[in-house]
Amino acid sequence: AVIANNLESRKTYVCANLPYYITSPVIMYLLENRLPIEVITVMVQKEAADRLCAPVGSRDSGAITVAVNYYATAQRLFDVPRTAFLPSPNVDSAVLRLDLRKTPPVDVPSEEFFFKVVRAAFSMRRKTAQNGLSNGLSISKQTAAQALEDAGLSPTVRAESLTLEELAQLTRQ
């Protein structure tokens, strides 16, 4: 019992050089499963780092950006040029630190539905959130437009410009 209690009180850190083709699935697995992890430090492809560390509501943000910001705070520690490796890959890399949150920064009635809304809103990147919501949630454009308006948002807003709180408000509507 003493050993078990001692193990439970230890802080867990994940440090990895992830294969770039599985970066998002591995990070999402670690975040979504609420494992007893304090910090995740990973080296990822530079473009993935840009998206993971982008502020929610910025042009570089996507559904993965929202998820990372919901579960953690992301910090880009440093870049690693391709010339640091032998043989040199065709891409540059970056090292990120994700500090997992104890509680999410926004209140949503259902995490599952929140992420369904987020995925739908971002599903049609070059279209409006209304089109993404309509297509991704199998609802009419009028219903999507009404939900956006009820959340205090324009029906012509693009998903990438929505903040975490605005996405939470949209989910509540």
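Residues are numbered from 1 along each chain as its sequence is written, and side-chain values use heavy atoms, with hydrogens and water left out. Because the model is predicted, local features need pLDDT of at least 70 and side-chain atom pairs count only at pLDDT 80 or more, whereas totals for chains, interfaces and linings use all residues.

Most residues other than glycine have a negative phi, and most peptide bonds are trans. The bond between L86 and P87 is cis, with omega at about -10 degrees. P87 falls in the loop that connects β3 (72-80) with β4 (93-100); strands (E, at least two residues) and helices (H or I, at least four) are DSSP runs, numbered from the N terminus. R34, which is not a glycine, has a positive phi of about 45 degrees. R34 sits in the loop between α2 (23-32) and β2 (39-45) and is partly exposed, with a relative accessible area of 45%. A positive phi, near 55 degrees, is also found at S138, in the loop between α6 (129-137) and α7 (141-150). S138 is exposed, at 67% relative accessible area. Here buried means under 20% relative accessible area, exposed over 50%, and partly exposed in between (1.4 Å probe, protein chains only).

Points are joined across faces, edges and corners, and a volume is the space filled by probe spheres set on them. The largest pocket holds about 160 Å³. R34 belongs to its lining, together with L31, L35, I37, E38, Y71, L100, R101 and K102. Five of these lining residues are nonpolar, none polar and four charged (nonpolar: Ala, Val, Leu, Ile, Met, Phe, Trp, Tyr, Cys and Pro; charged: Asp, Glu, Lys and Arg; polar: the others, Gly among them).

One cavity of 30 Å³ or more is counted. The largest cavity has a volume of about 30 Å³ and is lined by A121, F122, M124, R125, K127, A159 and E160.

Q130 lies in helix α6 and is buried, with a relative accessible area of 15%. Beyond its neighbours within four places in sequence, Q130 contacts K141, A144, A145, L148 and P155 (heavy atoms within 4.5 Å).

Notes. 1 Å grid on protein atoms, 1.4 Å probe; cavity = no way out; pocket = protein on both sides within 12 Å on 5 of 7 lines; lining within 4 Å.
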